[in-house]
Amino acid sequence: MSRRVRLAVFVPALGVFAALLVWGLVGLPDFGHYVGPYGYLLDRVAVPERHVTNVVTAVVFDYRGFDTLGEEFILFTAVVGVVLLLRGDEPEAPELNDSIGSDLVRVGGVLAVGAALLVGLWLVAFGYLTPGGGFQGGVVVAAAALLVFLVSSYRDWEGIGSEHVLDPLEAVGAGGFVVIGLAALVSGLPFLTNLLGPGTTGTLRSGGSVAFLNWATALEVSAALLVLFSEFLEEYVVPLAAESS
Amino acid sequence: MSFLPYALAAWICCVGLYGIVTSRNLVHLALCLTVTQSSTYVLLLAIGYVQGGGPPIFKGVKLGTTAVDPVVQALVLTDIVVSVTVLALILALALDVHKEAGTVDPDAIAEMSG
Amino acid sequence: MAIALAALGAPAVVLVRDPLKQIVLSGFYGWSLVILFVVLGAPDVALSMLVVGTVGYPLVVLVAIARIRSDKEEGDGE
């Protein structure tokens, strides 16, 4: 349908939709007066049961671990889709003369990459004690690796962004989550039961399998994002190389 | 005051939908889609808020202090990371369309056949 | 207030038609959402949105824009 017809249909439909939305939202409990028992229960119970002080991470990897498995596979599938669309179109290994000349940028960049990598790893490692976790830390680690491309040349990035390195890492991350869950299944308990003991509250040795699932997720998220970035950067760099040659 | 965050979520959702329908550029459309997605994050977090509650992190904080709902936060934070990959997928499709059709205008693409 | 910032940011992102300007505005909108999330007591979510909105979205969209532009120039030049 043409653009005018589409707009003529859309504006009243939007009005009806907005009215219905407001009508539905008015029926919710007042803002700040949270009603459901699940949230209150988890806040009380999570720390004594799992000895993990970041309740959100306990929910993501333990109480709602199965949902996280689903989300990880959404991530995996979307990355597979991007790879199918973008890989293999372009000729191999373009030669690009884009090394950064300025020493200040290179030195500052090396320091920044190191700092960002450390922050990312810290976010992952202490994710179940303080705000953080596999997802956030994984994105920060991917950003630190991307910084390598920004402060030096494309050739240095190719070492990190090569498909031979990243594809297995991503698969290990996604598969690791499933394997840890299956380990519980093998011993006769339901899938993804937290097998290992809870440990001491407030230290790194707490939460049982939350720690391992955390690291598997971080690996998968960072590898998946790096695959994405590398596919997109290849798309970006190839016309530049064709221009400059 | 108590309805304001829900009204914000509804407003952002409608604004995003308007942007998607009236878009002339597939990249602009993808960004409007992220705006619409963000309205769901605001709605979920607003539902979980407890008056006077702090974040659900108990390191150094006495157990039993009021905290907001952790379950909705778990849903939203995995969602945000996944939305990047979905955006990348949409943009990869847009790039493909541009290679085939030479344009990223949704109206022009719709008129093509075959 | 955080709610007002987010309420102004959303139409700003939508009404700007050029994707390049839109990415900058979407960065600011992302930061206004981070403030809103912190006010609502969700530091994990705020961390997530901060990194994704600053690194994830701009990179992917900027590469797409650059590639579309360079393909267009190549097509015009032929």
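# Notebook: looking around a three-chain model

**Chain A, contacts and helices.** I started with the contacts in chain A between residues at least 6 apart in sequence, and 72% of them join residues at least 24 apart. I then looked up the make-up of chain A and found nine helices and zero strands. Reading along the sequence, I noted the pattern α-α-α-α-α-α-α-α-α. Chain A has 245 residues, and 38% of them count as buried.

**Helix H3 of chain A.** How many residues of helix H3 (residues 55–63) of chain A are buried? I counted nine of the nine, so this helix is largely enclosed by the rest of the structure. For anyone clicking along, the buried residues of H3(A) include A:Val55, A:Thr57, A:Phe61, A:Asp62 and A:Tyr63.

**Confidence.** Next I checked the scores. The model has an ipTM of 0.86 and a pTM of 0.87. Chain B averages a pLDDT of 85, with 95% of the residues scoring at least 70. For chain C, the mean pLDDT is 87, and 95% of its residues reach 70 or more. Which element of chain B has the lowest mean pLDDT? I found that to be helix H4 (residues 106–111) of chain B, at 73, while H2(B) has the highest, at 91. A reminder to myself: where pLDDT is low, the predicted coordinates should not be read in detail.

**H1 and H2 of chain B.** I turned to a helix pair. Helix H1 (residues 4–21) and helix H2 (residues 26–47) of chain B pack with their axes 8 Å apart, at an angle of about 165°. Angles over 145 degrees count as roughly antiparallel, and H1(B) and H2(B) are therefore roughly antiparallel to each other. The crossing of H1(B) past H2(B) is left-handed. Among the residues making this contact are B:Leu8, B:Ile12 and B:Gly16 of H1(B), along with B:Leu29, B:Thr36 and B:Val42 of H2(B).

I stopped at B:Arg24, which sits in the loop between H1 and H2 of chain B. Not counting residues up to four places away in sequence, B:Arg24 touches B:Asp105 and, in another chain, C:Arg17. I also noted that B:Arg24 and B:Ala108 are 84 residues apart in sequence, yet their C-alpha atoms are 9.1 Å apart in space.

**A residue inside H2.** B:Thr34 is in helix H2 of chain B. I found 23 C-beta neighbours inside 10 Å, which means that B:Thr34 counts as buried. Leaving aside its neighbours within four places in sequence, B:Thr34 is in contact with B:Ser83, B:Leu87 and C:Tyr57. B:Leu87 is 53 residues from B:Thr34 along the chain, and their C-alpha atoms are separated by 7.7 Å.

**Chain B meets chain C.** How do the two H2 helices lie, and what angle do they make? The axes of H2(B) and H2(C) come within 11 Å and cross at roughly 5°, and the two helices are therefore roughly parallel to each other. Their contact includes B:Val27, B:Leu31 and B:Leu45 of H2(B), and C:Gln22, C:Leu33 and C:Phe37 of H2(C). For the whole contact, I found 41 residues of chain B touching 33 residues of chain C. H1, H2 and H3 of chain B each give two or more residues to this side, and the largest share, 13 residues, comes from H3(B).

**Chain B meets chain A.** This contact takes 42 residues from chain B and 50 residues from chain A. H3(B) gives the most to the side of chain B that touches chain A, with 17 residues.

**The core.** Last, I looked up the largest nonpolar core, which has 129 residues. Which residues touch the most other members? They are A:Val139, B:Leu45 and B:Leu91. Helix H3 (residues 70–101) of chain B supplies the largest share of this core, 19 residues. Not counting residues up to four places away in sequence, B:Leu91 touches B:Val27, B:Ala30, C:Val60, C:Val61 and C:Ala64.

How values were computed. Residues are numbered from 1 along each chain as its sequence is written. Chains are lettered from A and ligands numbered from 1 in the order in which they are written. This is a predicted model: local features need pLDDT of at least 70, side-chain atom pairs count only at pLDDT 80 or more; totals for chains, interfaces and linings use all residues. pLDDT is the predictor's confidence in each residue, from 0 to 100. A nonpolar core is a set of buried Ala, Val, Leu, Ile, Met, Phe, Trp, Tyr and Cys residues joined through C-beta atoms within 7 Å. A residue is buried if 20 or more other C-beta atoms lie within 10 Å of its own, exposed if 12 or fewer, and partly exposed in between; C-beta atoms are placed from the backbone. Helices (H or I, at least four residues) and strands (E, at least two) are DSSP runs, numbered from the N terminus. Two residues are in contact if their C-beta atoms, placed from the backbone, lie within 7 Å. Axes are lines fitted to C-alpha atoms, for helices over the stretch in contact, and angles run from 0 to 180 degrees between N-to-C directions. Angles under 35 degrees count as roughly parallel, over 145 as roughly antiparallel, 65 to 115 as roughly perpendicular and the rest as oblique. A crossing is left-handed if the near helix is turned anticlockwise from the far one by less than a right angle, and right-handed if clockwise.
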